[in-house]
Amino acid sequence: MPESAWGWLIVSYLFLAGAGAGAFVSAVACDLLAPDWSKSLARAGALVSGPLVIIGTACLVLDLEAGFWEPWRQIYLTRNLHSMITWGVLILSAFIPVALLYGAAVGEISFIGRMAKKYVVVIEAVGSVLAVCTAGYTGVLIAVVNGVPFWNTPLMPVLFTASAMSTGLAISMIAAAINDITTIRTLSNFALGHVIFIAIEAVVLALFVFMSMTRSVEAASSAMMLVSGSLSPYFWALVVVMGILVPFVLSIVEYYQYGEMPKTLVVGADVLVLVGGMSLRALIIFSGQPPQIV
Amino acid sequence: MPRYGIAIDTTKCIGCNACRVACQNQNNLEPKGEFNKIVEKDRGVFPSFSKEFVPLQCNHCGQAPCQRVCPTGATYTAPEGVVLVNEKLCVGCKYCIEACPYKMRTIDHRSGVVVKCKMCIEMVREGGVPACVSTCPTQVRIFGDLDDPYSEISRFVAKHRAQPLRADLNTGPQIYYKRS
């Protein structure tokens with residue numbers, strides 16, 4: 001495995017920020033588009049979104065070295081607008097308060113929440129834009145890196161956004177089930193959403209891998225590492241089978257057997273989506289290789 | 001203002017690593033830390049086979065990717081065309097390490113900031129040459145001003161058609177190689 005300057009903390013951040021943004025979008029979609037029975041999911045998504053992004057951002061700060069020991073240095077993080085990290089800091093700084101406010105409004109937590117409830121549509125509109133920015137930015141962050149040709153493609157933010165949406169919906173469903181297990185029957189209504197997001201993710205992932213094969217020598221070597229090389233057992237087992245195929249089939253069954261599927265399978269499919277989303281990011285980070293120099 | 005660069009003649013390199021050790025001493029690096037290194041490259045197939053030693057270091061790119069991605073602006077280009085790190089601004093996010101196609105940056109865990117080849121700029125400003133250049137027993141490296149057509153380095157680059165490594169990456173490297 002090639003050495004990367006970034007490790008599990010950055011992988012966790014990419015995953016948690018994506019899942020938090022996805023949870024926000026799924027909560028807004030449920031609140032606006034679906035009828036009353038979806039309120040439990042909207043509530044769960046709104047409540048987990050902000051905390052997830054905050055934990056992700058904490059991973060990012062823990063990964064800093066001088067900026068962690070001397071936190072006042074973090075004030076310099078917005079000095080270079082050519083840097084995607086600068087944009088990330090701005091996007092996260094805007095998204096986190098909006099996501100927390102949305103959680104407070106939907107959960108009617110304290111007087112702030114009750115006050116914010118009057119403007120919930122505004123929060124939903126602004127927050128959705130920021131959520132898509134957060135999810136897409138995690139992909140752009142690594143897509144602009146010259147040092148790793150495998151990441152250097154516009155498909156990267158598309159793939160990460162698709163994965164963010166499916167992991168966000170999955171984590172909202174798990175939260176809704178934990179909150180009130182009786183709502184699990186109504187969760188079958190969202191199986192179709194899962195099917196759509198997982199299908200998009202699968203198509204983009206296939207495009208990403210196939211196009212990397214011919215993009216450059218280094219990208220092809222990274223892609224081969226996933227498909228048939230040292231990381232291939234993890235790629236096929238964790239990402240393709242557990243993260244895409246099994247939850248895809250389970251969601252289709254769930255959709256047709258409305259409310260009849262065992263609870264463990266409904267929640268299990270969601271957990272698998274999370275495992276797949278985390279593994280996808282880890283494998284993409286750890287399979288990155290620098291250009292051949294000599 | 002000069003535009004400093006280094007020309008490297010790999011046909012003279014014997015792989016003794018004196019440049020690496022001189023650099024570590026000069027910059028007070030940890031034993032594992034390195035601003036330059038020598039990689040061995042196999043050329044050709046038997047019976048026309050040879051081994052090439054290629055000394056690598058920061059290319060002090062004219063359009064440095066590390067500088068573009070640095071969120072704090074800690075990485076900057078000195079007027080002499082040397083890419084430097086302002087250690088007071090660096091937060092240690094390591095984005096520059098990922099962005100560098102030549103993988104020539106490293107993090108100093110003692111101070112938590114990213115460090116790199118400075119082309120020994122303090123010595124150079126006092127009229128000296130970088131430690132890796134002066135220490136080399138076979139005089140592989142030539143240091144000088146690439147904007148002065150009469151400098152030793154410019155004449156060497158022109159005479160041997162020396163090329164940077166992976167110029168196709170469009171980062172404008174300032175280290176030139178004569179490789180055959």
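1. Leaving aside neighbours within four places in sequence, Leu226(A) is in contact with Val209(A), Leu231(A), Ser232(A), Phe235(A), Leu283(A) and Ser287(A). The model in which these contacts occur is a predicted one. Leu226(A) sits in helix H10 of chain A, which spans residues 217-227. Leu226(A) counts as buried because 25 other C-beta atoms lie within 10 Å, the threshold being 20 or more.

2. Glu108(A) is placed in the loop that runs between helix H4 (84-107) and helix H5 (110-116) of chain A. With 13 other C-beta atoms within 10 Å, Glu108(A) is partly exposed. Not counting residues up to four places away in sequence, Glu108(A) touches Gly113(A), Arg114(A) and Lys117(A). Val28(A) is 80 residues from Glu108(A) along the chain, and the C-alpha atoms of this pair are separated by 16 Å.

3. On the chain as a whole: chain A contains twelve helices and zero strands. Read from the N terminus, its elements run α-α-α-α-α-α-α-α-α-α-α-α. The radius of gyration of chain A is 19 Å, close to the 19 Å given by the globule rule for 294 residues, so chain A is as compact as a globular protein of that length. Along the principal axes, the C-alpha atoms of chain A fill a box of roughly 60 × 50 × 25 Å. Of the 294 residues in chain A, 54% are buried. Among contacts in chain A between residues at least 6 apart in sequence, 76% join residues at least 24 apart.

4. One helix pair to inspect is H1(A) with H12(A). Helix H1 covers residues 8-33 of chain A and helix H12 covers residues 263-286 of chain A. Their axes come within 9 Å and cross at roughly 140°. H1(A) is therefore oblique to H12(A), as angles count as roughly antiparallel over 145 degrees. The crossing of H1(A) and H12(A) is right-handed. On the H1(A) side, Ile10(A), Val11(A), Leu14(A), Phe15(A), Gly18(A) and Ala19(A) take part; on the H12(A) side they meet Gly277(A), Met278(A), Arg281(A), Ala282(A) and Ile285(A). By class, this contact of H1(A) with H12(A) has eight nonpolar, two polar and one charged residues.

5. A second pair is H2(A) with H7(A). Helix H2 (residues 39-63) and helix H7 (residues 155-179) of chain A pack at an angle of about 110°, and their axes are 8 Å apart. H2(A) and H7(A) are therefore roughly perpendicular to each other. From H2(A), Ser40(A), Leu41(A), Ala44(A), Gly45(A), Leu47(A) and Val48(A) meet Ile171(A), Ser172(A), Met173(A), Ala175(A), Ala176(A) and Asn179(A) of H7(A). By class, the contact of H2(A) with H7(A) has eight nonpolar, four polar and no charged residues.

6. Turning to the interface, 33 residues of chain B are in contact with 27 residues of chain A. On chain B, the elements that give two or more residues to this side are strand E2 (36-43), strand E3 (50-57), helix H2 (65-69) and helix H3 (95-99). The largest share, four residues, comes from H3(B). By class, the side of chain B that touches chain A has 21 nonpolar, six polar and six charged residues.

7. Backbone geometry in chain B deserves a check. Most residues other than glycine have a negative phi, and most peptide bonds are trans. The peptide bond from Phe46(B) to Pro47(B) is cis, with omega near 5°. Pro47(B) is found in the loop between E2 and E3 of chain B.

8. Asn17(B) counts as partly exposed, with 16 C-beta neighbours inside 10 Å. For His60(B) the phi is about 45°, and His60(B) lies in the loop between E3 and H2 of chain B. His60(B) counts as buried, with 27 C-beta neighbours inside 10 Å.

Terms used
Residues numbered from 1 in each chain as written. Chains lettered and ligands numbered in written order. Predicted model: local features only at pLDDT ≥ 70, side-chain atom pairs only at ≥ 80, totals over all residues. Contact = placed C-beta atoms within 7 Å. Nonpolar A, V, L, I, M, F, W, Y, C, P; charged D, E, K, R; others polar. Buried ≥ 20, exposed ≤ 12 C-beta atoms within 10 Å, placed from the backbone. Axes fitted to C-alpha atoms, helices over the stretch in contact; angles between N-to-C directions. Parallel < 35°, antiparallel > 145°, perpendicular 65-115°, else oblique. Rg over C-alpha atoms; globule rule 2.2 N^0.38 Å. Left-handed = near helix turned anticlockwise from the far one by under 90°.
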